[in-house]
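I set out to record what I looked up in this structure, entry by entry. I began with the overall make-up and then turned to single elements and residues.

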Amino acid sequence: MARALLMMVAFGYLGLLLGLPLITVFAEAFSQGLGVFVAAISEPDARSAIGLSLLVAAICVPLNAAFGLAAAWAIAKFEFRGKSALISLIDLPFAVSPVISGLIFVLLFGLQGWLGPWLREHHVKIIFAVPGIVLATLFITFPFVARELIPLMQEQGTEEEEAAASLGAGGWQTFLRVTLPNIRFGLLFGIVLLNARAMGEFGAVSVVSGHVRGQTNTLPLHIEILYNEYRTAAAFAVASLLALLALVTLAAKSALEWKLGRRRGAA
């Protein structure tokens, strides 16, 4: 009885906080018909926002996946001075507000920032341009892969790598044939979360973008502009793209967790 009651409370709570908003997003997106929906996601500003979001994700996901993999490998498999400091720095974006991180980049690279005069002299524009958006997104998303892989690799230990080394395998051979196959599902899981956050980041990107239509507006910023202009149906139409990404992310996350659970059970 208690178990059934707790499950009802949990599912009811999740349905109220997650299910109902998702249903509302898709209902509002199609509230004025399919034509309005298609027009909202195909107008030039919307296409530009979609393209910029995809570009930022295409840059940030490989870079932060490589960083997370290297950092997790170093932390889990080796002992070195400064290891605790590295772990703390990886967790820094979780502790700092995205808006604050955006302001830090403005302080560094803005026209009145520390490096602003030098950048202006050399005709390099970072803030209120695509490079600033990429930098802000990189900072916000770099912990995701590392934080997924570190506990997984620590749990696996170093016995298999040591055995491979004793048989004459080099560092890259050991990584490609022993380490990487053991963590592939965890790596994919981290990449899925990383991509979703890169596509949906708002706070830091809002500070450094300048909100230039057709140039520096990502999908979340474009949604905000549409909503502030009282184009509610169009705003929800574009928001439904991010909601669909969230559902795909959730499905991929569940599939990877299931595969990872089966792998651990078989082991």
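Entry 1, overall make-up. I took helices to be DSSP runs of H or I with at least four residues, and strands to be runs of E with at least two, numbered from the N terminus. The model I examined is a predicted one. Under that definition I found 14 helices and 0 strands in the protein. Read from the N terminus on, the elements run α-α-α-α-α-α-α-α-α-α-α-α-α-α. I noted that the C-alpha trace spans about 65 × 65 × 30 Å along its principal axes. Of the 267 residues in the protein, 38% are buried. I looked up the accessible surface as well, which comes to about 15000 Å², with 69% of it belonging to carbon and sulfur atoms. Among contacts with a separation of 6 or more, residues 24 or more positions apart account for 74%.

I compared the length of α6, residues 98–109, with expectation: its 12 residues should span 16 Å at 1.5 Å a residue, and the end C-alpha atoms are 17 Å apart, which agrees. Which residues of α6 are buried? I listed S101, G102, F105 and F109. These residues cover an arc of only 100 degrees around the axis, so they lie on the same side of α6. I recorded that their cover includes α7, α8 and α12 (203–209).

I repeated the length check on α9, residues 143–156, whose 14 residues should span 20 Å at 1.5 Å a residue; the end C-alpha atoms are 20 Å apart, which agrees. The buried residues of this helix are P143, F144, V145, A146, L149, I150, L152 and M153. Just after α9, I noted that G157 takes a positive phi of about 75 degrees.

H123 is not a glycine, yet has a positive phi of about 60 degrees. I located H123 in the loop between α7 (116–121) and α8 (130–141). Y230 counts as exposed at 73% relative accessibility.

I looked up a nonpolar patch on the surface formed by Y13, L14, L16, L17, L18 and L20, which together have about 620 Å² of accessible area. Y13 lies in helix α1, residues 2–29, and counts as exposed at 53% relative accessibility.

I placed S53 in helix α3, residues 44–77. S53 is buried, with a relative accessible area of 1%. Leaving aside residues up to four places away in sequence, S53 touches M199, T218 and L219. I placed T174 in helix α11, residues 171–200. T174 is buried too, with a relative accessible area of 7%. With residues up to four places away again set aside, T174 touches E161, A164, A165, A169 and T179.

How values were computed:
Residues numbered from 1 in each chain as written. Predicted model: local features only at pLDDT ≥ 70, side-chain atom pairs only at ≥ 80, totals over all residues. Heavy atoms only, no water. Buried < 20%, exposed > 50% of the residue type's maximum accessible area, 1.4 Å probe, protein only. Patch = residues over 30% accessible without salt bridge, like charges linked within 9 Å, V, L, I, M, F, W, Y side chains within 5 Å. Areas by Shrake-Rupley, 256 points an atom, 1.4 Å probe, with all protein chains shown as cover. Salt bridge = Lys/Arg side-chain N within 4 Å of Asp/Glu carboxyl O. Expected span 1.5 Å × (residues − 1). Arc of directions from axis to C-beta. Contact = heavy atoms within 4.5 Å.
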